[in-house]
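Please read it alongside the sequence and the model.

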Amino acid sequence: MIERIERVRRARPRLREERITMAHGAGGKATQTLIDAVFLPRLGNPVLDRMEDAAELVAGGTRLAFTTDSFVVSPLFFPGGDIGDLAINGTVNDLAVRGATPMFLSAGFILEEGFAVEDLERVVASMARAAAAAGVQVVTGDTKVVQRGGADGCYINTAGIGTMIPGVRLAAASARPGDAVLVSGPIGEHGITVMLARGELDIDADVTSDTAPLSGMVSALLHAVPGVRALRDATRGGVATVLNEIARAADVSVVVDEAAVPVSPQVRGTAELLGIDPLYVACEGRMVAVVEPDGVQPALEVLRAHPGGEQAAIIGRVAADPPGLVLLNTVFGGTRIVDLLVGDPLPRIC
Amino acid sequence: MRYVDEFRDAEKARALAARIAQLCEPGREYKFMEVCGGHTHTIYKHGLEDYLPENITLVHGPGCPVCVIPMGRVDDAIHIARQPGVLMTSFGDMMRVPGGNGSFFDANARDTNIRMVYSPLDALAIARQRPEQRIVFMAIGFETTAPSTAMTLLRARAEGLRNFFVFANHVTIIPAIKAILDSPDLRLDGFLGPGHVSTVIGCRPYEFIARDYGKPVVVAGFEPLDILQSVYLLMRQLAEGRCAVENQYGRVVPWDGNPIALQAINQTMRLRPFFEWRGLGFINHSALRLREEFAEYDAELVFDVPGVRIADPKACQCGEVLKGVLKPWECKVFGTACTPETPIGTCMVSPEGACAAYYNFGRFSRQRVREASRV
Amino acid sequence: MCLGIPGELVDTVAEQPDLGVVMVSGVRRKINVALLADQDLRLGDWVLVHVGFALSKISEDEARAVLAFLESIGTPYADELTALRESNIDGWPGEH
């Protein structure tokens, strides 16, 4: 029976929907299906097919990383950040976790008719601060305005280029049994913050988004520890999604120790009230690192010494079997599978 | 005390497991049904079956309010949502449940605006803010959830709101348990009673199970130790030759339930003569609708509701799974045609549906997972 | 079938006796407590919350009774466990 299910799981997914649903943008199974069914068959090439956070390119003998990301967060302003610093940090982090030093960004704005200039100024000022903090420059841009109702205030797309750190080759596919899995800080804070900032849930918690550039931390880690095999920033779909991507890319299993995963009490409390699992909630300034056994302790020390990494932790390890799956050893002493979600984690009553 | 972590202690679980094992008569097979999907979720989420001896089987019951909603009701809800000026609301649980022509998410991708709310009171708040719109709340759930709908209706009437409506799909647990007890193809040794339903209805309604059917019932809490202790209490009753209703979840469940909640339900709703349960078919007196006094709030009367009956997909064996006759993986389409991405039956949609719980958390054999997690 | 979360009643809402504020792991939410109008609720009481309503007042005595029972069966068991470990029987879940 298991073999039958695994065969189906590994088969190329078919896109059944005739129209796009919200789940297609959630970063889980539905998003993967969309990519596999619509984008890769038509646009695929050896670089894109690797499906890493950023593409690695060689131009004039230099190894470059190139990536893009779009930001449609609602509300635009939330505790700890706004769409502006998110748009900078998101692209900076996609470059950083690829092993690159982020350098130049583009910024494209889609604005809704009627959007307050004052708000736009706030967003752009926040972008400027985030860019300065990450040591990158916005070097090209674009602005479009759509009719009222055609967008929700302000959407931002950023793309970024960085140079690969010499000698570094990171890939999810290179995870090997015996490696340790680390996370750089408490998880789920961005996702919970934004969910609460929408105000629909009427929940009052002292949480702030974790949005932050990871480039400094990554650079410190890669220079100090040679045994880092893969890095991923845990955005949409949270840590659980990233771990599943690693398990599949490397055809290994990832075994997580539930008790070791850092989660703040407020995130845990909100997640409990809503019946969702913090492992699936987005972060915007946290990364997952896969590190060779020898590098684990040094890596943990480097992460913890870096601002924002104080609560870094070893959350699990890579094993050989069952390949392609993430297992969780529960606090209670049981074991269960942590699969990809179909769409966003939904609040539930039952 | 937080009433959560204290009941998740692995050391105590091992002690209970040892006691449960001691109570097993050699060669005897034990089958207990956990009526409630919340229990199913806990069992898989925490890997509880790892603690039980092989000759104790937990059978997953029909207590998942999303799983038992027939496809036709989903289609009816979407039909209501399409009518002019309507904003449909429901719990997050409903959003992915497939109707005859897709789920709420699929409907939203076409032409509806169906929104998630955390509480029916949130739907009422939307109605207050948007007097120009008609806000319909699709109410689902057992007796646990019905009081919240009832209180919201009373509130709406007290405030004189005229743009708030309820599409009632509340079901009642006792007739479903009775249907299972009367089903000829199932032999059970006892029941884990639904803890949160019992906060409302109390423990007395289960007495007929012990008295007329000779099966022990233990009303159980939702933390892992609650469930293990309840299994232990069932085993102890069997070992001592007793048969009674016991309340393991006394910290939350009063023996007589919540009289105010029962009164609120009674004031706003009445039993339907019969209601279709997905997979189980029509069950008499097993669901609630609004009383005549609340007709102006009743979406079934105010809106055009086609009420079309849609047969369950042939391949789907949710009914057998809901009755506990089949284990999820014994269904013909489990994990192949029917997966959480493309659910055919509702048991695969809700995270507390037996199939989804099994698929997501426990589809590997205990032995294999145990070995893998120890590498 | 129904997600119920224990929360501590930490505040009241002025002029709205039906409402109260519960805290779950440092997170606050306004809930409706009208279903427990006969319970003489006080700040510091714990209640079970379901879809924004307090359904039941949690009894600390009952909770302690269950925990005491669990303790009581754990004590002799600890000795057995030692004996088992010494006899090298494995297969206990949760010991990773």
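Helices (H or I, at least four residues) and strands (E, at least two) are DSSP runs, numbered from the N terminus. The model is predicted: local features need pLDDT of at least 70, side-chain atom pairs count only at pLDDT 80 or more, and totals for chains, interfaces and linings use all residues. Residues are numbered from 1 along each chain as its sequence is written, while chains are lettered from A and ligands numbered from 1 in the order in which they are written.

Helix H6 spans residues 215-224 of chain A, and its buried residues (20 or more other C-beta atoms within 10 Å of their own, with C-beta atoms placed from the backbone) are Ser215(A), Met217(A), Val218(A), Leu221(A) and Leu222(A). They lie on the same side of H6(A) because they cover an arc of only 160 degrees around the axis, taken from the directions from the helix axis to the C-beta atoms.

Chain C has one helix and five strands, in the order β-β-β-β-β-α from the N terminus. Of its 96 residues, 40% are buried.

Contact means C-beta atoms, placed from the backbone, within 7 Å. By this criterion, 34 residues of chain C touch 50 residues of chain B. Three elements of chain C each give two or more residues to that side:

| Element | Residues |
|---|---|
| strand E4(C) | 46-50 |
| strand E5(C) | 53-57 |
| helix H1(C) | 60-86 |

H1(C) gives the most, with 10 residues.

How values were computed: A residue is buried if 20 or more other C-beta atoms lie within 10 Å of its own, exposed if 12 or fewer, and partly exposed in between; C-beta atoms are placed from the backbone. Two residues are in contact if their C-beta atoms, placed from the backbone, lie within 7 Å.
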